[in-house]
Amino acid sequence: MMIPIGVSNRHIHLSNEHLAQLFGEGAELTLLKPLSQPGQFAANETVTVEGPKGKIENVRVLGPVRSMTQLEISKTDSFKLGVQPPIRLSGDIEGTPGITIHGPKGTVTVDKGVIIAKRHIHMTPKDAETFGVKDKQVVKVKTEGERALIFDEVIVRVSENFALDMHIDTDEANAAGLKTGDYVELIP
């Protein structure tokens, strides 16, 4: 019942409209490296994000472009920026704070879209069957090592388009002494 870990650092997903405003008309994201989920990639492009209290530079853009712009940060990042984002699954941005985004060709201010990503496990329907879980089920996951702990409130996300991987942010990884490529155990 072991699942690989993917540690997710702060990153941003951009809409086509905001990509053009930040990087210039006709701009496209360019591949830096593929991510664990099929079709997803870290782009060469980065932006600076600015909140009421501060800025964070070199925030990686992830591709492909999305229908809406969304910034995913850790709780630690939220203190630096001076925003109070909720913990949410990706795409659930209603009622979230906004942010100002600076690119090489322009600046965009969005009135919503900043979240702390809720820890979750991506899996295929076959994986879900193997683990005996279903989409949107809440599970617990156990880590090992010197800082072993149990992550509660982990959401299972099932799709044919996913690859088996549990995503946590840098704060969670540091608390548990985990790095990308480590394995955790789903508690039945």
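**Exercise 1.** Work out how many salt bridges the rule finds across the interface of domain 1 and domain 2, and describe that interface.

*Solution.* Begin with the rule itself: a salt bridge is a side-chain nitrogen of Lys or Arg within 4 Å of a carboxyl oxygen of Asp or Glu. Applied across the interface of domain 1 and domain 2, this rule finds zero salt bridges. The model is a predicted one, in which local features need pLDDT of at least 70 and side-chain atom pairs count only at pLDDT 80 or more, while totals for chains, interfaces and linings use all residues. Residues are numbered from 1 along each chain as its sequence is written, and side-chain values use heavy atoms, with hydrogens and water left out.

Next, turn to polar contacts, which are pairs of N or O atoms within 3.5 Å; within protein, one must be able to donate a hydrogen and the other to accept it, and residues adjacent in sequence count only if both atoms are side-chain atoms. Five residue pairs, both residues at pLDDT 80 or more, are in polar contact across the interface. On the side of domain 1 that touches domain 2, the residues divide into four nonpolar, six polar and one charged, where Ala, Val, Leu, Ile, Met, Phe, Trp, Tyr, Cys and Pro count as nonpolar, Asp, Glu, Lys and Arg as charged, and the others, Gly among them, as polar.

**Exercise 2.** State where Arg-88 is found, and whether Arg-88 is buried or exposed.

*Solution.* Arg-88 is found in strand β7, residues 87-88, a strand being a DSSP run (E, at least two residues) numbered from the N terminus. Buried means under 20% relative accessible area, exposed over 50%, and partly exposed in between, with a 1.4 Å probe and protein chains only. Because its relative accessible area is 19%, Arg-88 is buried. Leaving aside neighbours within four places in sequence, the residues in contact with Arg-88 are Ile-93, Glu-94, Thr-96, Ile-115, Ile-116, Ala-117 and Lys-118, where contact means heavy atoms within 4.5 Å.

Methods: Helix = DSSP H or I, 4+ residues; strand = E, 2+ residues; numbered from the N terminus.
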